[in-house]
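Biologist: Hello! I am new to this structure and would like to learn how to read it. Could you take me through it feature by feature?

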Amino acid sequence: MELHAAELGFQELNEKLRETADREITLTGCIGQRFLAAGTAGKYVKINGIAGNALGAYLNGSVIETFGNAQDAVGDTMNAGEIIVHGNIGDAAGYAMRGGKIFVKGNAGYRAGIHMKAYQDKIPVMVIGGRTGSFLGEYQAGGIIIVLGLSGGEKPIVSNFPCTGMHGGKLFLRSDCAGIHFPHQVHHRIAAPEELAEIRCHIEEYCAHFGGDPDAILNAEFTLVTPDSGNPYKQMYVAN
Amino acid sequence: MIPLEGQVRIPSGCAVSAMISRDGRRMNGEQIIQSMVPMHDRSNGLGGGFAAYGIYPEYKDFYALHIFFNDKSCQNECMTLLKEYFEIVQDEHIKVRKIPQITDEPIIRRVFVSPMQSVLRHLQIDEKELVVRTVNRINAQLDGSYVFSCGKNMGAFKAVGFPEDVGRYYRLEEYEAYCWTAHGRYPTNTPGWWGGAHPFCMLDYSIVHNGEISSYDANRRFIEMYGYKCTLQTDTEVITYIADYLLRRQGLTLEETAAVIAAPFWSTIDAKPEAEKQMYTYLRNVFPSLLVTGPFSIILGFEGGLMALNDRLKLRSMVIGEQDDMVYIASEEAAIRVMAPDIRNIWSPAGGEPVIVRVKEGAF
């Protein structure tokens, strides 16, 4: 089904999207409608134009592919499925996501992956092709965040205060991260080959969406950041 | 009786938008109104407004006062006071289009004034200072009169309503400006009323703001020591007075002003080269009470340009688009796409990073 979005409000648009029996839906002329495909499962939604805030919020298994930039809070609290953005994304992408994958060709704004979490086989993954703003992986509690730094000019791969409050999950930055200051409750070191092998499948998927050579991308230094989770509350409260 | 700050609480939102031609080309208000449409749900109909620069070229030497009056007696009282200090060059209705979406309108007047030289000599102040003092006095002391715009060759237009309705109400398609800013309000903490809609103006400075100022009372206490009066029952107006105080009275640059109100963290300052470190340290030490904390994205308009600024943590969104001589700023990219569908250069500034756009010298 093809839906012309320009004249529709977010509510009508989402109702049509949910009500149709079609699995494949193409939206054209999107102009800032919020919550697109929120909470849906089993659909493949292609978006042309600019999707509004909270694209794919609470997503429960659908695949969303957008060919423009995306605004704030992409994949807010998503549970399963995939969001593919052929552009840049705004702030707070993957906010509290607890499953599924987000692939971004370009850059991310502030607070990408804030409070991502994981549980048993639910391990969310976010791959950002470019660079990110400040507070990347803030309060990260689980899941995998990968930043490739393939675009975005001379700026550092991540801006200020990455991993503030991180207490779970893994964060890979394709950089030696010289000059980047991490908080004291996380470990950061150059990732070992077997650790990179773990994320190879995600890089391959990134390249399948946007092009590029996984070998070339992986043939670089990655910094791996993990929380010092031996006793995460020790520094906050009393020794016990 | 409108409830005051603290007596009512309303949850949050807001939208901002702006467009400016670096070549000084004047454009009518149609596009800026349209830019607010995709962000409709960021507002709740309790306030919308616009600021326009370059709209009164035939009166550009006079201060254009836009004033709300509750009734005719307020108007008479205010005009009597104005005539003590200013020559009244022109006194007229601001033309509006009656639409069902905009109701309970006050009397809305536009008064072009010129300060009396004898008054300036007597008070030993310059004309801008006289305008600021008079406007503060009217807004603080004359019940039922609010001067909501008082710059030269610019003006604010605001009301209770959704911004796209407010734009049609004020017939903004009939005005031509080289720079437009816009605001859709979703009041937090304070009531929606005509004077509380954005922009907030002082002289040619105008502020539209999305956010909530956690430091409001600290800022207010400081700025009120310098003669400003916070009378409009909302936090945003204090930023306008801070801008006037730092830019006009202290003579700071826009960059320095941004470094005061969205000062970097000490740890960020420590990592900077020595000269910058000294400047940021100096500004934080001298104006600690003018640090504005809490989430904000603001657009400060002024004669010949504008400055967009986020709080240092970037807790509100802001997108910039550039195409040819035009610069667009909005809370959401969708708003920019309405004004410039095929724009390619779109980016977001970092928290505390001012984006300053100036119109070519001589083009405004």
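Modeller: Gladly; let us start with a helix, H4(B). Helices (H or I, at least four residues) and strands (E, at least two) are DSSP runs, numbered from the N terminus. The expected span of a helix is 1.5 Å times one less than its number of residues. The 15 residues of H4(B) should therefore span 21 Å, and the end C-alpha atoms are 21 Å apart, which agrees.

Biologist: Before we go on, what kind of model is this, and how are residues and chains labelled?

Modeller: This is a predicted model, in which local features need pLDDT of at least 70 and side-chain atom pairs count only at pLDDT 80 or more, while totals for chains, interfaces and linings use all residues. Residues are numbered from 1 along each chain as its sequence is written, and chains are lettered from A and ligands numbered from 1 in the order in which they are written.

Biologist: Which residues of H4(B) are buried?

Modeller: A residue is buried if 20 or more other C-beta atoms lie within 10 Å of its own, exposed if 12 or fewer, and partly exposed in between, with C-beta atoms placed from the backbone. In H4(B) the buried ones are Val131(B), Val132(B), Thr134(B), Val135(B), Ile138(B) and Asn139(B). Their cover includes S4, H2, S7, S11 and H7 of chain B.

Biologist: Is Asp126(B) buried or exposed?

Modeller: Asp126(B) counts as exposed because it has 12 C-beta neighbours inside 10 Å. You will find Asp126(B) in the loop between H3 (117-123) and H4 (127-141) of chain B.

Biologist: How should I read strand pairing?

Modeller: Strands of a sheet pair through backbone hydrogen bonds, either parallel or antiparallel. Here two strands count as paired if DSSP finds at least two bridges between them. S4(B) and S7(B) pair in the antiparallel sense over 4 bridges, and Phe68(B) has Tyr146(B) in S7(B) as its bridge partner. S7(B) is largely enclosed by the rest of the structure, because 5 of its 5 residues are buried.

Biologist: What is the strand order in the open sheet of 7 strands?

Modeller: In chain B the order runs S8-S3-S10-S1-S16-S15-S17, with antiparallel pairing. S8 (154-159) and S17 (345-347) of chain B are at the edges with a single partner strand each, so one side of each has no neighbour in the sheet. Within chain B, S3 (residues 48-53) and S10 (residues 179-184) are joined by 6 bridges in the antiparallel sense, and Phe50(B) stands opposite Ala182(B) in S10(B).

Biologist: Which residues have the most contacts inside the largest nonpolar core?

Modeller: A nonpolar core is a set of buried Ala, Val, Leu, Ile, Met, Phe, Trp, Tyr and Cys residues joined through C-beta atoms within 7 Å. The largest one has 186 residues, and Ala18(B), Ile242(B) and Leu306(B) have the most contacts inside it. Helix H7 (residues 237-249) of chain B gives the largest share of this core, 7 residues.

Biologist: And how do the two chains meet?

Modeller: Two residues are in contact if their C-beta atoms, placed from the backbone, lie within 7 Å. The contact takes 16 residues from chain A and 15 residues from chain B. On the chain B side, helix H11 (residues 333-339) supplies the largest share, 4 residues.

Biologist: Where is Gly129(A) found?

Modeller: Gly129(A) sits in the loop between S7 (125-128) and S8 (141-147) of chain A. Gly129(A) counts as buried because it has 27 C-beta neighbours inside 10 Å. The C-alpha atoms of Gly129(A) and Lys105(A) are 4.8 Å apart, although 24 residues separate them along the chain.
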